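Have the model open and follow along.

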Amino acid sequence: MDVYGLIGNPVGHSLSPPMHEAAYDELGIEARYVTFEPEAAVPAIEAATTLGVAGLNVTIPFKQDVLDVVEPDDLAARIGAVNTVEFTADGPVGYNTDAVGAVRALREHDVSLDGEAVVVGAGGAGRAVAFGLADAGMGVRIANRTVERAHDLAGAVPDASGHGLDDLPTLLADADVLVNATSVGMDEDRSPVPADALHGDLTVLDAVYSPIETRLLRDAAAAGATTVDGAWMLLYQGVEAFERWTGRDAPVEAMNAALRARL
Ligand code: NAP
């Protein structure tokens, strides 16, 4: 029986256990996915290595701390955060599947990623999404409440610029993709983007998945934009982790059904 899991604090309401266990059930894999709330990341990774844990997801507040004991791949090193750890014979390797999750969520909705993207937010999710979209070939405009963070991130991401939130109407006028990577809208009916800046040529991905239909997505649909909810990003970060750990194609439909049944 393989053991996979999640370290973070808090992790009590995580949707990862049902999503991954649905995949094991669907493919007949003998495995369990469990959550851990350790005091610190480094001893947790060391203990998991010793115990032979097969793979770990990592969430707040440990996504940066684990870099002290895992070897990040190139993308995770550039983002500066790891959310997936694979335990190899050469030691633990770290990936950032939030970046790939956002890119795959858009691609699976047939969004072409060769134009201009506006990313709102420059925290953990904003960093992952900005690097992911830039690597996929998009020009990236980063807007953040704390404008210095947007400038710092834009300095690290190829073909990117940093802005304050006041620039959003101008930035969005000729953008193809908008991603909300702030926590605005989580458990509240607020949007970080003025509704009148949205238009029908946009695809809007909201990283927030609670509620599943955010104020931003409602405004975007009313403006005629294509909408992609945050559960798709959550799904594909999990799909990517599953495929790295097992080397098998993930049963995406079963994972999606398990996730959406709990949202
Ligand atoms: P974080 O590192 O704490 O960053 C928070 C971001 O939100 C920062 O850019 C912050 O701006 C901004 N922000 C917070 N309050 C704001 C306000 N009142 N007005 C304007 N901007 C505000 O958090 P995170 O890890 O990036 O997570 C952000 C969101 O993404 C969360 O809702 C999380 O659940 C979601 N997420 C979803 C997925 C998924 O798979 N769907 C994956 C990862 C994260 P400042 O820099 O100015 O503070």
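Is Asp159 buried or exposed? Hold that thought for a moment while we set the ground rules. This is a predicted model, so local features need pLDDT of at least 70 and side-chain atom pairs count only at pLDDT 80 or more, while totals for chains, interfaces and linings use all residues. Residues are numbered from 1 along each chain as its sequence is written, and side-chain values use heavy atoms, with hydrogens and water left out.

Back to Asp159: it is exposed, with a relative accessible area of 56% (exposed means over 50%, computed with a 1.4 Å probe on protein chains only). Its phi is near 55°, a positive value in a residue that isn't glycine. You'll find Asp159 in the loop between helix 6 (147-156) and strand 9 (160-163). Helices here are DSSP runs of H or I with at least four residues, strands are runs of E with at least two, and both are numbered from the N terminus.

Now go on to Asp187, in the loop that links strand 10 (177-180) and strand 11. Here, too, phi is positive, near 55°, and the residue is not glycine. Asp187 is exposed, with 60% relative accessible area.

Next, the prolines. Asn9 and Pro10 are joined by a cis peptide bond, with omega about 5°. Pro10 sits in the loop between strand 1 (2-7) and helix 1 (16-27). Further along, the bond from Ser210 to Pro211 is cis as well, with omega near 10°. Look for Pro211 in the loop between strand 11 (203-206) and helix 8 (215-222).

Technical notes: Buried < 20%, exposed > 50% of the residue type's maximum accessible area, 1.4 Å probe, protein only.
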